[in-house]
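Biologist: Could you take me through this structure, beginning with the aromatic rings?

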Amino acid sequence: MMNILKEKKKYIGIYINIWSNILDQIKFASKLNSMSFSFLFNNFIFNNKKLYHSFHKKFNLACIKYNFSKDYILPHSSFFINLCSPYKKKLIVYVNNFINEVNFCFKLGLKYIVFHPGYNLNLISKEYSLIILSNSINYVISKTKKVILLIENMSGQGTCICYDFNHISKVIDLVYDKSRIGVCFDVCHAFNAGYDLRNFENCENVFSKFENIIGLRYLKALHLSGSKYKFYSKIDRHTILKKSYLGKIVFYWIMRNKLFNNIPIILETRDIKYLREEIIWLYSL
């Protein structure tokens with residue numbers, strides 16, 4: 001599986017806040033040598049009609065000017081959305097908000113949206129949570145077009161679901177349109193959920209499990225960051241790449257493996273002073 005290559009077709013990017021000044025933010029990503037970028041949705045965009053209607057043209061012009069392909073832009077759904085909520089009235093609100101986000105991505109011509117699968121709040125079983133999540137996804141797909149919904153694997157913190165590959169597999173099995181579902185693999189989350197990535201053999205084993213349980217055809221994007229806590233902590237805390245309990249081998253393995261070619265790879269380092277250094281370092285591996 002390792003497939004070491006001299007030629008690396010890796011699309012590394014960063015998070016930007018495109019709701020403030022689209023042009024400046026996308027320009028900033030370009031200056032850091034990003035090949036992709038991500039942005040986080042919030043309710044403000046849908047409550048501000050003037051901003052909503054003026055956004056699309058500015059976004060398209062900025063992507064063209066700074067040479068960003070829309071195939072590698074990876075928007076992230078709002079963190080507050082819970083698609084497996086045990087509260088029916090709240091679930092309706094969450095699903096409708098997600099539909100708005102997916103439709104927005106479609107209008108922008110984007111290929112993907114990443115979302116957190118949600119929390120059962122210890123009010124229902126994990127098994128039933130997965131059914132609710134898959135039903136929510138099926139409904140969203142029925143009300144939207146083309147955009148592929150990417151489940152992000154979680155760390156196991158609190159009452160979240162989909163920290164286990166088997167959870168994700170179950171959800172995908174229950175999704176009717178398999179062409180509209182995929183996975184964004186978060187390296188830090190996987191490590192904290194018990195998938196050890198600290199040496200080459202472990203990296204091979206983890207992605208062999210991914211292939212056997214979920215299927216590598218569903219791997220559409222990556223989130224990269226270091227882990228602030230030790231292995232199997234079930235704590236979702238990110239840190240910079242080089243100062244992490246994850247070590248450095250997993251990042252070398254990813255950068256030298258064609259499995260991760262031609263997909264968006266988003267750095268989740270939030271400290272700006274480290275971003276340029278991390279991008280240079282990753283491309284040097």
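Biologist: How many aromatic pairs does the structure hold?

Modeller: The structure holds 27 aromatic pairs. Rings of Phe, Tyr and Trp (its six-membered ring) pair if their centres lie within 6.5 Å; planes under 30 degrees apart are stacked, over 60 edge-to-face, and the rest tilted. Phe37 and Phe59 form an edge-to-face pair, because their ring centres are 6.2 Å apart and their planes stand at 70°. That pair links distant parts of the chain, with Phe37 in strand β2 (residues 36–38) and Phe59 in helix α3 (residues 49–65), 22 residues apart. Helices (H or I, at least four residues) and strands (E, at least two) are DSSP runs, numbered from the N terminus.

Biologist: What sort of model is it, and which pLDDT limits apply?

Modeller: This is a predicted model, in which local features need pLDDT of at least 70 and side-chain atom pairs count only at pLDDT 80 or more, while totals for chains, interfaces and linings use all residues. Residues are numbered from 1 along each chain as its sequence is written, and side-chain values use heavy atoms, with hydrogens and water left out.

Biologist: Which residues do ring pairs link into a cluster?

Modeller: The cluster comprises Trp19, Phe37, Phe39, Phe41, Phe55, Phe59, Phe68 and Phe104.

Biologist: Now helix α8. Which of its residues are buried?

Modeller: Asn202, Cys203, Val206, Phe207 and Phe210 are the buried residues of α8. They lie on the same side of α8, because they cover an arc of only 125° around the axis; the arc is that of the directions from the helix axis to the C-beta atoms. The face turned away from the buried side carries the exposed residues Glu201 and Asn212.

Biologist: What do the buried ones pack against?

Modeller: The buried residues of α8 pack against α6 (165–174), β5 (181–186), β6 (219–224) and α9 (249–255). Contact means heavy atoms within 4.5 Å.

Biologist: And what is found at the start of α8?

Modeller: There, a side-chain oxygen of Asn199 reaches to within 3.1 Å of the backbone nitrogen of Glu201. After α8 comes Gly215, whose phi is positive, near 110°.

Biologist: Where are charged ends sitting over rings?

Modeller: The charged end of Arg270 sits over the ring of Tyr15, 4.3 Å from its centre. Likewise, the charged end of Lys234 sits over the ring of Tyr163, 5.8 Å from its centre. For this, NZ of Lys or CZ of Arg must be within 6 Å of the ring centre and within 35 degrees of the ring normal.

Biologist: Changing topic, what is the phi of Leu121?

Modeller: Leu121 has a positive phi of about 60° although it is not a glycine. Leu121 is in the loop between β3 (112–115) and α5 (126–142), and is partly exposed, with a relative accessible area of 41%.

Biologist: What about Cys162, buried or exposed?

Modeller: Cys162 is buried, with a relative accessible area of 0%. Cys162 lies in the loop between β4 and α6, and its phi is positive, near 65°.

Technical notes: Buried < 20%, exposed > 50% of the residue type's maximum accessible area, 1.4 Å probe, protein only. Polar contact = N/O pair within 3.5 Å; in protein donor to acceptor, adjacent residues only side chain to side chain.
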